[in-house]
Amino acid sequence: MDDQPARIVAAISDKAVGWLAIFSSAFFFYLATLVIRLGKSYVTLDSTFYVFARFFIGFIIVVCMLAAQKQRIRPVRYHYLIGRTVTNSIAVFCFFRAVDMGSLAEANILNLTYPLFVAIFSWFFLRGQCDFRTIGIVIMAFAGIWLILSPENFRFGEANVWGLCSGVSAAGAMIYLNVSRRYHDSQTILFFMFGLGSLLIYLLFSSAIFLPTWLELFFLVSCALCGILGQYLITFGFRYVTAVEGSIITSSRILLAAVLGPILVSDPALTLAGWCGALLIFAANVALAMKKR
């Protein structure tokens with residue numbers, strides 16, 4: 001009996017699950033930043049504390065999963081693990097700082113410029129292919145960034161500088177992740193990223209970290225769990241979709257942030273130039289993803 005229709009239905013179902021998981025991850029990454037913004041009305045917490053909570057709670061979850069699965073970490077190339085930890089810590093710190101100081105939409109949009117900087121870094125450090133098509137995509141993305149940064153007054157707001165820095169450092173974190181995966185399993189990478197990341201943040205910003213009240217703890221844990229859940233959802237989703245599909249769906253956070261910011265937290269709506277910039281960055285991410293295919 002021909003079971004081809006059943007296989008087709010199963011493949012479609014798996015792909016739909018993958019799409020839903022990755023889109024949900026984009027939503028939870030956005031929700032983590034929304035918690036920071038909503039928390040400002042109820043508690044006084046530095047964005048650094050949110051970064052520490054995300055890494056520390058993530059470390060506890062990874063340790064519990066390793067214990068439950070009776071799995072051991074297997075570090076091989078420590079410099080890749082440390083590089084991933086440092087660049088990711090900088091990326092999350094800059095991103096949360098941008099969210100705390102400026103527009104939720106612009107912070108998320110500028111954070112998602114990292115595919116652009118991955119392409120640029122690969123030209124200089126990884127001997128990646130540099131052709132006219134990629135150069136055109138990069139120029140288009142930079143035009144989008146310029147529009148987001150409000151060029152009419154020729155002044156870059158501090159929050160947007162933090163947002164752009166988060167995109168640059170996230171690109172470095174993605175490159176380190178890509179290289180580190182050749183030698184380490186996911187749990188080993190996450191163990192070092194969360195463990196060393198929380199230690200690094202605590203050593204640098206111990207004055208901003210204290211024993212929180214129950215209300216403060218609620219916001220810290222909510223933000224951390226949203227970010228960690230987003231990380232696991234995107235890892236799960238990429239099992240069932242292609243890298244191109246995953247990259248495009250991940251970039252949907254650009255549009256999600258642009259639409260929901262004014263509705264949920266009364267952020268100023270993007271100007272026409274801002275919307276054009278957001279769409280250009282989204283289009284550039286899609287084009288880079290299609291090119292990788």
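I began with Phe 52, which is buried at a relative accessible area of 14%, where buried stands for under 20% relative accessible area, exposed for over 50% and partly exposed for what lies in between, with a 1.4 Å probe and protein chains only. The model is a predicted one, in which local features need pLDDT of at least 70 and side-chain atom pairs count only at pLDDT 80 or more, while totals for chains, interfaces and linings use all residues. Residues are numbered from 1 along each chain as its sequence is written, and side-chain values use heavy atoms, with hydrogens and water left out.

**Aromatic pairs**

I then looked up the ring pairs and found 14 of them in the structure; rings of Phe, Tyr and Trp (its six-membered ring) pair if their centres lie within 6.5 Å, and planes under 30 degrees apart count as stacked, over 60 as edge-to-face and the rest as tilted. Phe 52 pairs with Tyr 202, and because the ring centres are 6.0 Å apart with the planes at 45 degrees, I noted the pair as tilted. Phe 52 belongs to helix H2 (residues 47-68) and Tyr 202 to helix H8 (residues 186-204), so this pair ties together parts that are 150 residues apart in sequence. Tyr 202 is partly exposed, with a relative accessible area of 39%.

I also noted the tilted pair of Phe 95 and Phe 96, at 6.0 Å centre to centre and 45 degrees between the planes; both residues are buried. One aromatic cluster is formed by Phe 59, Tyr 78, Phe 191 and Phe 192.

**Charges over rings**

Here the test is that NZ of Lys or CZ of Arg lies within 6 Å of the ring centre and within 35 degrees of the ring normal. The charged end of Arg 77 sits over the ring of Tyr 183, at 4.3 Å from its centre, and that of Arg 97 sits over the ring of Trp 162, at 6.0 Å from its centre.

**Helix H8**

Which helices do the buried residues of H8 pack against? I found H2, H3, helix H7 (158-180) and helix H9 (214-237), with contact meaning heavy atoms within 4.5 Å. The buried residues of H8 include Phe 192, Gly 195 and Ile 201. I checked the length too: at 1.5 Å times one less than the number of residues, the 19 residues of H8 should span 27 Å, and the end C-alpha atoms are 26 Å apart, which agrees. Asp 185 caps the N-terminal end of H8, with a side-chain oxygen 3.1 Å from the backbone nitrogen of Gln 187.

**Asp 100**

Asp 100 is found in helix H3 (residues 78-101) and is buried, with a relative accessible area of 17%. Leaving aside residues up to four places away in sequence, I found that Asp 100 touches Lys 40 and Ser 47.

Lys 70 lies in the loop between H2 and H3 and has a positive phi of about 50 degrees although it is not a glycine. Lys 70 is exposed, with a relative accessible area of 77%.

Lastly I looked up pLDDT, the predictor's confidence in each residue, from 0 to 100. The chain averages 81, and 86% of the residues score at least 70. Among the elements of the chain, H2 has the highest mean pLDDT (93) and helix H10 (residues 243-250) the lowest (66).

Methods: Helix = DSSP H or I, 4+ residues; strand = E, 2+ residues; numbered from the N terminus. Polar contact = N/O pair within 3.5 Å; in protein donor to acceptor, adjacent residues only side chain to side chain.
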